[in-house]
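Me: I'd like to learn how to read strand pairing in a model. Can you take me through it with the one on my screen?

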Amino acid sequence: MLKINIILTFLLITLIYSPIYSQEIEVFGNLVPGNIIIVKGNNIQWAWIDSTQLKIDSQQLFVLGFDAKETGSKILKVKHDAGLVTLKNIKLPDQEYKVQKINNKKQQFSATPDSLENRIKKEREIAKNARKKIGKIDTAYYKSGFMKPIKGGIITGVFGSQRILNGVPKNMHNGLDIAVPRGTPVYAMTDGVVNLTTNNFYYAGSYIVLDHGQGLNSMYLHLSQIHVKEGQYVKKGEIIGEVGTTGRSTGPHLHWGVQWYSKRVDPAQILKMKFD
Ligand SMILES: [Zn+2]
């Protein structure tokens, strides 16, 4: 038994470090928490990251992402038609995020009244149901590349920051806040299908979720206007809505979020992604 283990370990090490096998795929993007990587290859039959099977586009392209708080080692396995298996060992470094202290005099923003609980529960349910559709598309709609969904603006909140509101620690900020006047056009960051549009939800206001295929999705929160319908296909740069301050928001801004399935990705990292 020990002998077999030694042989298997040797094989695994050989596969990981063998340059012959690693030539089979090309990996784009930084291997850091809160980011995606895009992988291109040839004759890919299947690919897995640890125990999760990945969707493959007909043009031999796939995406996967790491959550903001994800660390440690992962194994990417890619099987090619010729029977070759490429193994890549991915090591994610620890990431430190900013702490942002906010003191807001409006007390209503720090505590949720009980009367709203039902409404919030219903809205969560709607969002959760829409999310079930994410990850059903094999096509890499995102292959048109990524762009910022707002022209200009001031960054008022970064991804990953731990917010302390009136002395109370809140959830990690999972997007990028861009302050611009109300009515400023919001563009689709890349091609995709409209997964969800909402009408003035308590927290996120009126917002849009786009499904870019293979689990990659983006969110545009606190909008004043929505110009798209669920199920509609949108192109990169198409106007999908207008900036507002609906939901729990202190002024007109876009909260732009990106996820791979439910893993939270930094939109600023998305803008750095080049894969051609
Ligand atoms: Zn935000």
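Me: Which residue does Leu223 stand opposite in S18?
Reply: Leu223 stands opposite Val243 in S18. This is a predicted model, so local features need pLDDT of at least 70, side-chain atom pairs count only at pLDDT 80 or more, and totals for chains, interfaces and linings use all residues. Numbering runs from 1 along each chain as its sequence is written.

Me: What makes two strands a pair?
Reply: Strands are DSSP runs (E, at least two residues; helices are H or I, at least four), numbered from the N terminus. Two of them pair if DSSP finds at least two bridges between them.

Me: How many bridges join S16 to S19?
Reply: 6 bridges, and the two strands run antiparallel. Leu216 is opposite Trp260 in S19 (residues 253-260).

Me: And how many join S15 to S16?
Reply: S15 (residues 206-211) is antiparallel to S16, with 5 bridges. Leu210 has Ser218 of S16 as its bridge partner. The hairpin they form has 4 residues between the strands, and Gly213 there takes a positive phi near 95 degrees.

Me: Why is S16 called largely enclosed?
Reply: Start with burial: a residue is buried if 20 or more other C-beta atoms lie within 10 Å of its own, exposed if 12 or fewer, partly exposed in between, with C-beta atoms placed from the backbone. In S16 (residues 216-226), 8 of the 11 residues are buried, so the rest of the structure largely encloses this strand. Across the protein chain of 276 residues, 33% count as buried.
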